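I opened this notebook to keep track of what I looked up, one topic at a time.

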Amino acid sequence: MDSTTHTLVLVRHGQSEDNERELFSGLRDPALTARGVNEARAAGRRLKTLGYRFDHAFTSRLQRAQHTLALILDELSQTDLPVHADAALNERDYGALAGLNKTEARARFGVEQVRSWRKSSDAVPPGGESLAMTAARLWPFFERAIAPRVRSGECVLVVAHGNSLRSLLMQLDQVAPADIEDVNIGTAEMLIYRSNTDDQTLVRAAAIACSS
């Protein structure tokens, strides 16, 4: 199996303005920073060097993910690739935390409470989503729209967000709720999966960091 068939590439967006300021983003819609643009282009160049050609791409409805995808496709000379943008891939809703600086949030709510909201599977920030809730709205879309393309032989690119991708990894990598707290995906980091030809499960093949 080569890198042009039965392959799924997951990419977190490049650094956003909220990332730079250490703010909780959630469903906020900040733009990429100059560093984020460079990270996205570096991811595209790396994929080109590795020989990737995609059949379809998916992204969220938020501009930091869409811009990252556009920059990757530009580096791959695949700007005409079919792209499906769906809210199912949006970042988790951080509710009352959205827009708060992480240091400010820890001072207001306590270090352990904020850590639990950020990292655990089940803790729900006020007015927002837990990681498990994010998985519950993302996984059905993934199984319906994305996985069948990979299993049929396509090479599929998904550009989304740190927590929406973490929620997906809970299923793909069979990460236990107690262990998901230790899983972090850097800006512009790429996770590559291949479809097992025996049972069509998606198996992690590589992780590539492209953040600067």
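**Ground rules.** I noted that this is a predicted model, in which local features need pLDDT of at least 70 and side-chain atom pairs count only at pLDDT 80 or more, while totals for chains, interfaces and linings use all residues. I also wrote down that residues are numbered from 1 along each chain as its sequence is written, and that side-chain values use heavy atoms, with hydrogens and water left out.

I looked up strands β5 (residues 190–195) and β6 (residues 202–208), which run antiparallel and are joined by six bridges; strands (E, at least two residues) and helices (H or I, at least four) are DSSP runs numbered from the N terminus, and two strands pair if DSSP finds at least two bridges between them. Arg 194 has Val 203 of β6 as its bridge partner. Six residues lie between the two strands of this hairpin, and in the turn Gln 200 has a positive phi of about 65°.

**Cores.** I then turned to the largest nonpolar core, which has 27 residues, with Leu 8, Phe 142 and Leu 172 among those with the most contacts inside it. A nonpolar core is a set of buried Ala, Val, Leu, Ile, Met, Phe, Trp, Tyr and Cys residues joined through side-chain atoms within 4.5 Å, where buried means under 20% relative accessible area, exposed over 50% and partly exposed in between (1.4 Å probe, protein chains only). Helix α6 gives the largest share of this core, seven residues. Leaving out residues up to four places away in sequence, I found that Leu 172 touches Leu 8, Leu 10, Trp 139, Phe 142, Tyr 193 and Leu 202, contact being heavy atoms within 4.5 Å. A second, separate core has 21 residues, including Val 11 and Tyr 52.

I recorded about 470 Å³ of space in the largest pocket. On a 1 Å grid over the protein atoms alone, a pocket is an open set of points where a 1.4 Å probe fits, with protein on both sides within 12 Å along at least five of seven lines, and lining residues have an atom within 4 Å of a point; the volume is the space filled by probe spheres set on the points. There are 24 lining residues, and Arg 12, Asn 19, Lys 102, Arg 118 and Asn 184 are the closest to the pocket's centre.

**Helix residue.** Is Ala 136 buried or exposed? Ala 136, in helix α6 (residues 131–151), is exposed because its relative accessible area is 53%.
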